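Work through the exercises below with the sequence and the 3D structure at hand. Each task is followed by a solution in steps.

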Amino acid sequence: MTLDEIFQDKAIKAKGKVAAIGEWLLNSELPVDELLAYAEKQKATNKATCIEAVEYATKKNPTLADEYLLNYVTKALKDEEPRVKWESAKVIGNIAKLFPAQLEKPIDNLLPNAENTGTVVRWATAYALAEILKLKTDSNKKLLPKIESLCEKEEDNGVKKKYLDALKKVKK
């Protein structure tokens, strides 16, 4: 089955598509860069599904990530489509530990999404920022006060909890 066939098959639900493509990535049957090149030519919903498949795979095996993937999801954080934003943020949360010295641009693109009107975008952004904060890199000088401020303003308990957990771990 090809990517086109998966996306055209109405019998396969969205989660099924994500799992199938994610398994291809994990089994090295589909290179990540090939999936991202395909995603670029898709409408927003399919692009988001492709990024969600990368999220699925990097959650199980973060080492699938390379600099190309980091740069791709960093750019995708600025996409208009909320689902593209939140799936990209989750990928960054999964792979940040592999790129401790290259997180300035992802941080810069994540911060505006931390005040997005969509709770899911904010939650995924909080997850990514929290994972970055826990790495205790030089970025924390800039990031720590911003996360403390975001945490104070955040009204959703799920989002707030992501920040609080990270702040606790960093202050130990």
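Contact here means heavy atoms within 4.5 Å. The model is predicted.

**Exercise 1.** Locate Thr58 and decide whether Thr58 is buried or exposed. Then find what its side chain reaches and which residues Thr58 is in contact with beyond four places in sequence.

*Solution.* 
1. Thr58 lies in helix H4, which covers residues 44-60.
2. Buried means under 20% relative accessible area. Thr58 counts as buried because its relative accessibility is 2%.
3. The backbone oxygen of Glu55 is reached by the Thr58 side chain at 3.3 Å.
4. With neighbours within four places in sequence set aside, Thr58 is in contact with Leu69, Val91, Asn94 and Ile95.

**Exercise 2.** Describe the largest nonpolar core and list what Leu35 touches.

*Solution.* 
1. The largest nonpolar core holds 53 residues.
2. Ile21, Leu35, Leu69, Leu129 and Tyr163 have the most contacts inside this core.
3. Helix H8, residues 119-134, gives the most to the core, with 7 residues.
4. Not counting residues up to four places away in sequence, Leu35 touches Leu3, Ile21, Leu25, Leu30, Cys50, Ala53 and Val54.

Terms used. Residues are numbered from 1 along each chain as its sequence is written. This is a predicted model: local features need pLDDT of at least 70, side-chain atom pairs count only at pLDDT 80 or more; totals for chains, interfaces and linings use all residues. Side-chain values use heavy atoms; hydrogens and water are left out. Helices (H or I, at least four residues) and strands (E, at least two) are DSSP runs, numbered from the N terminus. Buried means under 20% relative accessible area, exposed over 50%, partly exposed in between (1.4 Å probe, protein chains only). A polar contact is a pair of N or O atoms within 3.5 Å; within protein, one must be able to donate a hydrogen and the other to accept it, and residues adjacent in sequence count only if both atoms are side-chain atoms. A nonpolar core is a set of buried Ala, Val, Leu, Ile, Met, Phe, Trp, Tyr and Cys residues joined through side-chain atoms within 4.5 Å.
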